[in-house]
Amino acid sequence: MDKWIVHKFGGSSVADAGCFRRVAEIIEASDRPREAVVLSACKGVTDALLALVLLAERPDGDFMSAIEALKARHVSLAAELVSPAAAAIYGARLDQDCRDIAGMLQAVRLIRSAPLSMRDVISGYGEIWSTRLFAPYLSERGRLAGAVQWIDARDVVIVEWGPLGPAVQWSTSEANLEALVPAGFTGRLVITGFIATKTNGTQTTLGRNGSDFSGSIFGALLHAQEIVIWTDVDGVLSADPRLVPNAQVIDQLSYSEAMELAYFGAKVIHPQTMEPAVARDIPIYIRNTFAPQKDGTLICAAPVSALKVKGITSIDPVALVNLEGAGMIGVPGTAHRLFGALRDAGISVILISQGSSEHSICFAIPEAQAGRAEAAVRRAFDAELRDGQIQRVDVGLGQSILAVVGDGMAGAHGVAAKVFNSLGDAAISVRAIAQGASERNISVVVDGKGAAKALRAVHAAFYLSPNTLSIGLIGPGTVGRVFLAQLATQVERLRALNLDLRIRGIAGSKRMLLSEDSIDLERWPELMERHGEPLDLEKFANHCQADYIPHTVLIDCTASNDVANRYQTWLTRGIHVVTPNKKANSGPMPYYKALQEAGRATGSHYLYEATVGAGLPVIQTLRDLRETGDDITRIEGIFSGTLAYLFNVFDGSEAFSAIVRAAKLKGYTEPDPRDDLSGMDVARKLIILGREMGLTLEMSDVVVTGLVPPALAGVSIDEFMERLAEFDADMSAMLKDAARSHQVLRYVGRIEADGKATVGLTRLDARHAFANIALTDNVVRFATRRYCNNPLIVQGPGAGPEVTAGGVFADLLRLSAYLGAHL
Ligand code: ADP
Ligand code: ASP
Ligand code: MG
């Protein structure tokens, strides 16, 4: 006979009619001769039923309309899913159930408080309603051979509640099932999750999320080949995805690991799910109803997985109770008395930690039980507290337990160190620690307010490459856009080298796009259009500096002062800055100095290679020279691609104004060509180099001779373009004059070691290096003590989006290397 497969679908998998359809399709695709389908209540229904009881307990609670709402939701589901005849039968039963519920709640209204048994009965209706609908739906679809039989789990599963939760009475339950399902049955059983019957015959539940337990109980009763728990995530994740956005699916887990994770808060599985499966060695799969093509997580006896740490979970709120006193040292039985007192008070202890001196015992309990626990402890040690043998009983509220779980931690070195280092780096203080002798779990108690941060920090230490950078790009204009395109082509290759570059924010001049994961670099303009929000640079920086990603870098591709003025704050906060924007470095000297200082304390880096010569290695060359002990005597060169171009072309065959006009049309100049001709851009670059040489320089120290005739300084762009021709004669005369002495005109910037800085049009010998450059080339000549006879020259295209973006990208990789990436 074929073995059974048991599927369990959680509430999120049966939220609406579309979900029911999906569930049916999964069962139809599976198409094995014998399958059992355990269903939860439709999403939110159990909560709503429990809320009914609370409403009835309040004198003014309107439970009738809440019942009506629940009824209406199920009626409309039936109308969508099954034939009118089946819907009528369904509706009639639902109606009767709702009348029964109303009757019970009326009684509650009178006695003002609902007995536990009634709560159990009422909260169990959701599973009855979902399965009673799914059974006829699956059968009416008619795509599978064999019968569809509805099973009320209360007729099968018998449990006895004990201190460890519900204990299944296996032999009775097995007999009950055999009585209901004939031995040779083929087809599908549709079974209610969550509900069961106590040995005394009254109805009970298996606790919140108990349908998982139902699934594995039926797996055991049916001697199933496997149990599949279908939910709304891709499997058991390395952490709760609502707290850790980049949690990953764990491929395989042992039963004990899964149990430990479930117990310590991984809500995706009920902790008791494992027991029946372990006893019969039945594998459990956790899979996604909404992505059935994915493998999910396999939970079994002997998992094959390379991960040492499987998951990181948290439970809160808990209270931490600390019992302290010299009188406990060496006295046998103190722990016995303590935990005996707690047991008598019905308090469940989640974690215990005792220092080896026996001077103190500390334990964690659910926060709601803190008051009772403190009273119980004080009562138990009343005499010792009075005579001072025990000095104090402290209760810390609002704590959170963080548990790191994995079988592979046993015997592995450095796992605990990684946990504590990451917590230390995130400035989280640890209140208590516990590690089981199995070494499967390291638990720490931290302040609840920092719990999410702690979880992310520890998760990052185990699951993220230490070289993961959260990147925010500001200014996706000419350069920024190209940078993103360049990055897109390299991201995968770099990830293979363990460098994980994630663009998590893009800020334009008015709007910004934020994303928890990496923004799709192929589609960012469209995403910005659809999901962009108004620009707020403060929010942008906060978002990019996510506490669960090891490093943050903001890349400023604007020419904005406003953005440049924020670098200091960012660097001080530990955010790295990369930029081709000259504004900050050529602004007032004190700000420049502050920036150089700002990152020192936090270790953040400020990189700006592309501010001079775009992608050419100018700043880096200068740094290398200085840091290896060379002395710079002079730096001179052609620092403007635009001016280089104008004078390369200006050979007398065409008027200067015509060349400027043509260059403007080709986009070689700024929209207002005076921004280039004024020489101010060259002066800014010179300042940056001068400061890099160690000089204290302000813009006013640079002697700039511009090419904008004073008469045209204040006119409109159009008028400027028109009237520039008035000065063509002067320019031609200068050119001819130079040519007579075999010289050419070049716009040169020069800075000397003594701080003398000049920018202006210069006559150079026709054989001079600066006279023989191509198009928009920049050329920078370093005269130093080492390079004195023959200077060091860096030359090449020094403008344009491709090379500038390349310079920014190179800075980003340099930064990654500083942070530890091996490229
Ligand atoms: P169902 O309705 O299928 O029973 P639950 O809501 O009970 O689903 O459980 C699934 C949810 O558990 C997920 O949506 C996820 O938000 C949460 N969850 C918490 N911790 C984890 C974890 N470690 N792995 C996966 N999911 C988790
Ligand atoms: N419906 C129950 C609950 O919400 C059981 C379950 O879904 O597992 O807790
Ligand atoms: Mg659940």
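Reply:
**Helix packing and its surroundings**

The crossing of α3 and α4 is right-handed, a crossing being right-handed if the near helix is turned clockwise from the far one by less than a right angle, and left-handed if anticlockwise. This is a predicted model, in which local features need pLDDT of at least 70 and side-chain atom pairs count only at pLDDT 80 or more, while totals for chains, interfaces and linings use all residues. Residues are numbered from 1 along each chain as its sequence is written, chains are lettered from A and ligands numbered from 1 in the order in which they are written, and side-chain values use heavy atoms, with hydrogens and water left out.

Helix α3 covers residues 63–81 and helix α4 residues 84–111, where helices (H or I, at least four residues) and strands (E, at least two) are DSSP runs numbered from the N terminus. The two helices pack at about 165° with their axes 10 Å apart; axes are lines fitted to C-alpha atoms, for helices over the stretch in contact, and angles run from 0 to 180 degrees between N-to-C directions. That angle makes α3 roughly antiparallel to α4, since angles over 145 degrees count as roughly antiparallel, under 35 as roughly parallel, 65 to 115 as roughly perpendicular and the rest as oblique. From α3, the residues in contact (heavy atoms within 4.5 Å) are Phe63, Met64, Ile67, Lys71, His74, Val75 and Ala78, and those they meet in α4 include Tyr90, Leu94, Cys98, Ile101, Leu105 and Arg109. By class, this contact has 12 nonpolar, two polar and three charged residues, with Ala, Val, Leu, Ile, Met, Phe, Trp, Tyr, Cys and Pro taken as nonpolar, Asp, Glu, Lys and Arg as charged, and the others, Gly among them, as polar.

Helix α4 also packs on α5: their axes come within 11 Å and cross at roughly 155°, which makes α4 roughly antiparallel to α5, and here the crossing is left-handed. Ile101 and Leu105, both part of the contact with α3, join Met104 and Val108 in meeting Met118, Val121 and Ile122 of α5. This contact has seven nonpolar residues, no polar and no charged ones.

From α5 (residues 116–123) the packing continues to α2 (residues 45–57), whose axis comes within 9 Å of that of α5 and crosses it at roughly 140°. This angle makes α2 oblique to α5, and the crossing is right-handed.

Thr46 leads on to ligand 2, around which it lies together with Ser40, Glu127, Phe194, Arg208, Asn209, Gly210 and Ser211, a residue being near a molecule or strand if one of its heavy atoms lies within 4 Å of it. A polar side-chain atom of Thr46 is 2.6 Å from a nitrogen atom of ligand 2, a polar contact being a pair of N or O atoms within 3.5 Å; within protein, one must be able to donate a hydrogen and the other to accept it, and residues adjacent in sequence count only if both atoms are side-chain atoms. A backbone N or O atom of Asn209 lies 2.8 Å from an oxygen atom of ligand 2. Asn209 is also one of the closest of the 19 residues that surround ligand 1, and a polar side-chain atom of Asp232 lies 2.7 Å from an oxygen atom of that ligand.
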